[in-house]
Amino acid sequence: AFVSAADVETETLRYSTDIPGQALGYRIGQRWFQESRERAARTLGPAFDVREFHTLVLDHGDLPLSVLQGELDASLAARTASGAAAPAGKSPAGKP
């Protein structure tokens, strides 16, 4: 997609001088979200539902990632204890 010179200038200014930590914050959140989703899928196996995962993560609103991780861990533990997880050694789509 074409990006105008003005857009490039605005983004360069934003990420280099205005709010240099913004891009880093976005990237940290993106990596956390991706890794947590993959872990939930491995833990729950065929019982994993991406819509439920998104609801769980997004319904809490703005939280520090450490607090959100605790909520996710508790939810996964409850689902695993209730038998919703894949059998030991199994993972979704037969992946190791």
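Modeller: Arginine 31 counts as partly exposed, at 43% relative accessibility. The cut-offs are simple: buried is under 20% relative accessible area, exposed is over 50%, and partly exposed lies in between (1.4 Å probe, protein chains only). Two cautions before going on. This is a predicted model, where local features need pLDDT of at least 70 and side-chain atom pairs count only at pLDDT 80 or more, while totals for chains, interfaces and linings use all residues. Residues are numbered from 1 along each chain as its sequence is written, and side-chain values use heavy atoms, with hydrogens and water left out.

Now the partner. Arginine 31 forms a salt bridge with glutamate 35, and their closest N and O atoms are 3.5 Å apart. The rule asks for a side-chain nitrogen of Lys or Arg within 4 Å of a carboxyl oxygen of Asp or Glu. Glutamate 35 is also partly exposed, at 45%. Both residues lie in helix α2, four residues apart, which is about one turn of the helix. Helices here are DSSP runs (H or I, at least four residues; strands are E, at least two), numbered from the N terminus. Side chains of opposite charge can pair when their charged atoms come close.

The count by this rule is five salt bridges. Another of them joins glutamate 11 and arginine 14, at 3.1 Å from N to O. Those two sit in helix α1 (residues 5-18), three residues apart, again about one turn. Glutamate 11 is partly exposed at 29%; arginine 14 is partly exposed at 27%. A further pair is aspartate 49 with arginine 51, at 3.2 Å. Arginine 51 counts as exposed, with 62% relative accessibility.

Back to helix α2, which spans residues 20-44 and contains isoleucine 28. Isoleucine 28 is partly exposed at 46%. Together with Leu24 and Leu65, Ile28 makes a nonpolar surface patch of about 260 Å². Patch members need over 30% relative accessible area and no salt bridge; nonpolar side chains (Val, Leu, Ile, Met, Phe, Trp, Tyr) are joined within 5 Å, like charges within 9 Å. The areas come from the Shrake-Rupley method with a 1.4 Å probe, and for residues only the protein chains shown count as cover.

For contrast, take phenylalanine 53 in helix α3. Phenylalanine 53 is buried, at 4%.

Helix α3 (residues 50-58) packs against helix α4 (residues 65-81) at about 140°, with axes 10 Å apart. That angle makes α3 oblique to α4, because under 35 degrees counts as roughly parallel, over 145 as roughly antiparallel, 65 to 115 as roughly perpendicular, and the rest as oblique. Axes are lines fitted to C-alpha atoms, for helices over the stretch in contact, and angles run from 0 to 180 degrees between N-to-C directions. The crossing of α3 and α4 is right-handed.

Last, the whole chain. The protein has four helices and zero strands, in the order α-α-α-α from the N terminus. Of its 96 residues, 18% count as buried.

Methods: Left-handed = near helix turned anticlockwise from the far one by under 90°.
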